[in-house]
Amino acid sequence: MARGTVVVDTNRCKGCELCTTVCPQHVLAMSDVYNTRGYRPAMLVDPEEKCTGCTLCAVMCPDAVWTVYRLPTVAKALRAPAAMALAA
């Protein structure tokens, strides 16, 4: 399964909660603390590392506060050295 992570710019987030409604892994929640603008920003709550980096939160966000990172899968990481060995 694909793995990823997301980072939110908490000072720009207005707390609309749209991202939390579209997350298929349900790893986004609203913070209990307020940002400098007086909003409760969204945050990643992913202790089991279920985020896939699908980008739905970033696509849905009207303020473009999300940065999405896709992590290489184990299978791809293992294939790369094997492919280089065959090419040599």
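Guide: The protein chain has three helices and four strands; helices (H or I, at least four residues) and strands (E, at least two) are DSSP runs, numbered from the N terminus. Before we go on, this is a predicted model, where local features need pLDDT of at least 70, side-chain atom pairs count only at pLDDT 80 or more, and totals for chains, interfaces and linings use all residues. Residues are numbered from 1 along each chain as its sequence is written, and side-chain values use heavy atoms, with hydrogens and water left out.

Visitor: In what order do the elements of the protein chain run from the N terminus on?

Guide: They go β-α-β-β-α-β-α.

Visitor: Is Thr52 buried or exposed?

Guide: Buried means under 20% relative accessible area, exposed over 50%, and partly exposed in between (1.4 Å probe, protein chains only). Thr52 has 13% relative accessibility, so it counts as buried. You'll find Thr52 in the loop between strand 3 (42-44) and helix 2 (56-60).

Visitor: And which residues is Thr52 in contact with, leaving aside its neighbours within four places in sequence?

Guide: Contact means heavy atoms within 4.5 Å. On that basis, Thr52 is in contact with Met1, Ala2, Arg3, Gly4, Gln25 and Arg70.

Visitor: How many disulfides does a search of the whole structure find?

Guide: A disulfide is a pair of cysteine sulfur atoms within 2.5 Å. The search of the whole structure turns up zero. Cys23 is in no disulfide, and its nearest cysteine sulfur is that of Cys54, 6.2 Å away.
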